[in-house]
Amino acid sequence: MNRLGQIIARRIRARGPLTVAEFMALANTHPRHGYYTSRAPFGAAGDFITAPDISQMFGELIGLWCASVWEQMGQPRRVLLVELGPGRGTLASDALRAIRQVSPAFRQALELHLVETSRRLRAEQAAALAGENPAWHDAFAHVPRAPLLLIANEFFDALPVRQFLPDGRERRVGLDGDALRFLDEASAPGVSEDSPERQALATAIAERVVAEGGASLLIDYGAERHDGGDTLQAVRRHRYAPVLESPGEADLSAPVDFGALAKAARQAGAAAHGPVGQGVFLRLLGIEARAALLAAKASAEQRAQISSALRRLTEPDAMGALFKVLAIADPRLKLLDGFAPC
Ligand SMILES: C[S@@+](CC[C@H](N)C(=O)[O-])C[C@H]1O[C@@H](n2cnc3c(N)ncnc32)[C@H](O)[C@@H]1O
C-alpha cells in the first residue's frame, strides 16, 4: 500500500471506518500526500486534460462573458474575479488577456481571488499569473465580500460525495487485512449519493451574488438529474483505476448533480440559468468566430490544432454534452450570454 494508504489504514485501525466522503477528501486534498497536493495531474503527461488546456479559446470566451456581465451589473468600480480550483492558472490567464483587450476599465476594476488548497498548484498559478496580483484563499468563505464574478471549472466534481446503502446506512471504507475495502460490498449496486458539501457551496455562492451582486459559472461533467448508483471514479494516466487502490495517486471525482445545485441556489434567492451543454454555451459565446479568427493567422499545423480543439470542446461526442454550464446569478441580472432568458 502507498504512503497515504498506510496513513488511512492507521486511522481506520485507531478510529474505525471512514465514510466515502471522508476517504475522497483525504485522497484528493490530504495536506502532504493528497492527489492535488502532491502531484502534477494536468496535461498529456499527467492524468487528465481540462478545457483550458485544450485551447486558449475557452478562457478567453469566459473572460468576455465576465466583461459582459460586469456591464450589466452597472460597471461597479470594485469587482472580484474569483476562481475556485484554478489548476495551473491557464483559464484565469487567458480570461484576463481577453478582458484587457475588450475592456481596460473592467480590468482596472477587477481584483483576482483564487481559492486553492494545494501549495504546489498555488506556485504554478503564481507563475502563470505574474503581474495579475492574485490573492489566495483556502476556502470560498474567506474571499472578501464585494460584487463578484466567480468561475469554477472542474472544481465541484472533486468535492466529496457521500454514499448510502439501500437500507439507509452510509457506505464506508474499512480494512480487509492491510487492504482498503468498501464495507457491505454486496449492496453496492443499490448505492445512492448525495453531496452536502457541494450543495453548501452552491448555497454560499448564491447568498453572495444576491447580497453583493454578480454571477457565477459552474462548469463540470454531470447531469441535470442524478439517476442514482455509484458514480465515484478514479482516473490515473487518462484511464479509470480502482477507487481504493492507490489513494492520492489517482484523481477521485463524481459527476455533478446540476439539478441539486440549481435547487440549492434558488432556495437561497438566486437565479439559476441552465444547465446548458458546454457545446451550446461556447457556440452562443462565439467560439466558431473566435476559431476562424485564430485560424486566419495560423500555420496549417496550428489550423488543424484549432479545429481539433473546437471539436473537442463543443461536439456532443466529445466534451460538448457531457460537460454542462450552470450560472448562479443575482436575480436582477435578467439575460446572461450563453443561456436562454430565465
Ligand atoms: C480538476 S482540477 C481543475 C483545475 C482547473 N480549474 C482547470 O480547469 O484546469 C481541481 C482544482 O481544484 C483544487 N481543489 C480540489 N479540491 C479543493 C478544495 N476542497 N478546496 C480548494 N481547492 C480544491 C485542485 O487543487 C485543483 O486546482
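## Helices H5 and H12

The crossing of H5 and H12 is right-handed; a crossing counts as right-handed if the near helix is turned clockwise from the far one by less than a right angle, and as left-handed if anticlockwise. Met57, Glu60 and Leu61 of H5 meet Ile287, Arg290 and Ala291 of H12. Contact here requires C-beta atoms, placed from the backbone, within 7 Å. By class, this contact has 4 nonpolar, no polar and 2 charged residues. Nonpolar covers Ala, Val, Leu, Ile, Met, Phe, Trp, Tyr, Cys and Pro; charged covers Asp, Glu, Lys and Arg; the others, Gly among them, are polar.

The axes of helix H5 (residues 56-72) and H12 come within 11 Å and cross at roughly 125°. Axes are lines fitted to C-alpha atoms, for helices over the stretch in contact, and angles run from 0 to 180 degrees between N-to-C directions. H5 and H12 are therefore oblique to each other. Angles under 35 degrees count as roughly parallel, over 145 as roughly antiparallel, 65 to 115 as roughly perpendicular, and the rest as oblique.

## Basis of the model

This is a predicted model: local features need pLDDT of at least 70, side-chain atom pairs count only at pLDDT 80 or more, and totals for chains, interfaces and linings use all residues. Residues are numbered from 1 along each chain as its sequence is written. Helices (H or I, at least four residues) and strands (E, at least two) are DSSP runs, numbered from the N terminus.

## Other helix pairs

H12 also packs on H13. Helix H12 (residues 287-296) and helix H13 (residues 300-314) make an angle of about 165°, and their axes are 9 Å apart. The two helices are therefore roughly antiparallel. Their crossing is right-handed. On the H12 side the contact uses Ile287, Ala291, Leu294 and Ala295; on the H13 side it uses Arg303, Ile306, Leu310, Leu313 and Thr314. These residues divide into 7 nonpolar, 1 polar and 1 charged.

H5 also packs on helix H6 (residues 90-102), at an angle of about 50° and with the axes 7 Å apart. That makes H5 oblique to H6. The crossing of H5 and H6 is right-handed. Residues in this contact include Phe58, Gly59, Ile62, Gly63 and Cys66 of H5, and Leu91, Asp94, Ala95, Ala98 and Val102 of H6. By class, the contact has 11 nonpolar, 5 polar and 3 charged residues.

## Two open sheets

Strands of a sheet pair through backbone hydrogen bonds, either parallel or antiparallel. E1 and strand E7 (residues 172-176) pair over 2 bridges in the antiparallel sense. Pairing requires at least two DSSP bridges between the strands. Thr19 has Arg172 in E7 as its bridge partner.

Another open sheet has 3 strands in the order E12-E11-E13, and its pairing is antiparallel. Neighbouring strands are turned by 40° against each other on average, direction ignored. Strand E11 (residues 233-236) pairs with E13 over 3 bridges in the antiparallel sense. Val235 stands opposite Asp251 in E13.

## Backbone exceptions

Most residues other than glycine have a negative phi, and most peptide bonds are trans. Asn133 is not a glycine, yet its phi is positive, about 60°. Asn133 lies in the loop between helix H8 (119-128) and strand E4 (135-137).

Gly274 and Pro275 are joined by a cis peptide bond, with omega about 10°. Pro275 is found in strand E15 (residues 271-277).

## Around the ligand

There are 19 residues around the ligand, and Tyr36, Thr50, Gly85, Gly87 and Asn153 come nearest. A residue counts as near if its C-beta atom, placed from the backbone, lies within 6 Å of the molecule or strand in question. The shell has 9 nonpolar, 8 polar and 2 charged residues.

Notes. Contact = placed C-beta atoms within 7 Å.
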